[in-house]
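Q: I have not looked at this one before. Can you walk me through a few places in it?

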Amino acid sequence: ELIDLKMIQCKRVVNEVLSTVDFVAPDDRVVFRTCEREQNRVVFQMGGMGAALLSDPDKIEKILSTLVKGTRIPVTCKIRILPSLEDTLSLVKRIERTGIAAIAVHGRKREERPQHPVSCEVIKAISDTLSIPVIANGGSHDHIQQYSDIEDFRQATAASSVMVARAAMWNPSIFLKEGLRPLEEVMQKYIRYAVQYDNHYTNTKYCLCQMLREQLESPQGRLLHAAQSSREICEAFGLGAFYEETTQELDAQQARLSAKTSEETGEPAEDTSGVIKMAIKFDRRAYPAQITPKMCLLEWCRREKLAQPVYETVQRPLDRLFSSIVTVAEQKYQSTLWDKSKKLAEQAAAIVCLRSQGLPEGRLGEESPSLHKRKREAPDQDPGGPRAQELAQPGDLCKKPFVALGSGEESPLEGW
């Protein structure tokens, strides 16, 4: 479910490394990602926050009418029920007249929460009133525990079909006729998909927490709660080797694409021998508002009395992406992943340098104290003086190994 304004601001990008189509926000966050395999299955839900549109039926009608006239794909509408049955039936009739293909009905009022009973009788009244298909929703808590319950809920509401949300999030194998798969198997399969498609670790972590539910206080649940990256999530579920393998594949795929681009554009092959490389992208959300890897690297160079970092950035003509090399103490560092802006490419290069040296890069929870506590120095103050040396204690170092995302020999795309 996405807010329409976010999508309007996005740029459509074909991601050749992941074989996906990405919709990327101005801050370089991937708002929506899809792939060919789900082309005929994906349902894209957008609109106001929650049930906000219920109080503005004129706007509902205008939105739906515009969508129906402006697209060839099926347009559907999902609503909650209103306080009275009469008002609810009046609204759905008005919605039906817009020409939509179907309507989904969550059988709870706007203010009701999952613990409140779903109103099967109201959904049934809507099903009996309309001629278009009605999709029943809201039965996860009380009605749907296994596959056969889906049909029972459909019959209780006289609906054409059923939309399953929370029960599917708890265990996606709810849709298997032969019964639920063990949760551990389902979670591992989900993690493989998440790594394969470079899902942001915070979203992956959220979904896994929803699956664990009452097991969140188990040893594995505590490991998941502490995880701060996709790699750490994989390690918590015994998939560290898989994550390592995907790194090699992603690097190889990126290298092939870069080489192909150089051939097509006639760019000379650059001699990058001696350059330390990692497949890294800078994610602004992982850092405090006032802290960046470039700041951390500059601070470290000052403490060590090194020349400040020098960044060399190039833009690839074919897709206008950027790559940067940073030189520190006569050693060059570079990310193998191209970025959408010069600033992002420089931040990625700085991360490669910091991680190679085992230095903190300013991420949430691991930033260097000196960046927060250090006062502005007087012009004649030695940046490598006693105070700076005091801040650069061994405890400040963070030697977390880094592995990028990709796909290994065992493809998570196979299977159910």
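Q: Let's start with Q253. Where is it placed?
A: Q253 lies in helix 11, residues 240-265. Helices here are DSSP runs of H or I with at least four residues, strands are runs of E with at least two, and both are numbered from the N terminus.

Q: What am I looking at, and how are residues counted?
A: This is a predicted model, in which local features need pLDDT of at least 70 and side-chain atom pairs count only at pLDDT 80 or more, while totals for chains, interfaces and linings use all residues. Residues are numbered from 1 along each chain as its sequence is written, and side-chain values use heavy atoms, with hydrogens and water left out.

Q: Is Q253 buried or exposed?
A: Q253 counts as buried because its relative accessible area is 19%. Buried means under 20% relative accessible area, exposed means over 50%, and partly exposed is in between (1.4 Å probe, protein chains only).

Q: What is Q253 in contact with, leaving aside neighbours within four places in sequence?
A: Q253 is in contact with E16 and V17. Contact means heavy atoms within 4.5 Å.

Q: Where is V17, then?
A: V17 is in the loop between strand 2 (11-15) and strand 3 (20-24). With a relative accessible area of 22%, V17 is partly exposed.

Q: Why does F32 count as buried?
A: Because its relative accessibility is 18%, F32 counts as buried. F44 is partly exposed, at 33% relative accessible area.

Q: What about F282 and Y287?
A: F282 and Y287 form a tilted aromatic pair, 5.1 Å centre to centre and 40° between the planes. Both F282 and Y287 are buried.

Q: Which residues form the aromatic cluster?
A: F23, F32 and F44 form one aromatic cluster.

Q: Which ring does the charged end of R192 sit over?
A: The charged end of R192 sits over the ring of F242, 4.6 Å from its centre. K294 has its charged end over the ring of Y311, 4.7 Å from the centre. A charge sits over a ring if NZ of Lys or CZ of Arg is within 6 Å of the ring centre and within 35 degrees of the ring normal.

Q: Last one: where is F322?
A: F322 is in strand 12, residues 322-328. At 17% relative accessibility, F322 is buried. Not counting residues up to four places away in sequence, F322 touches several residues, among them W338, D339 and K340.

Terms used. Rings of Phe, Tyr and Trp (its six-membered ring) pair if their centres lie within 6.5 Å; planes under 30 degrees apart count as stacked, over 60 as edge-to-face and the rest as tilted.
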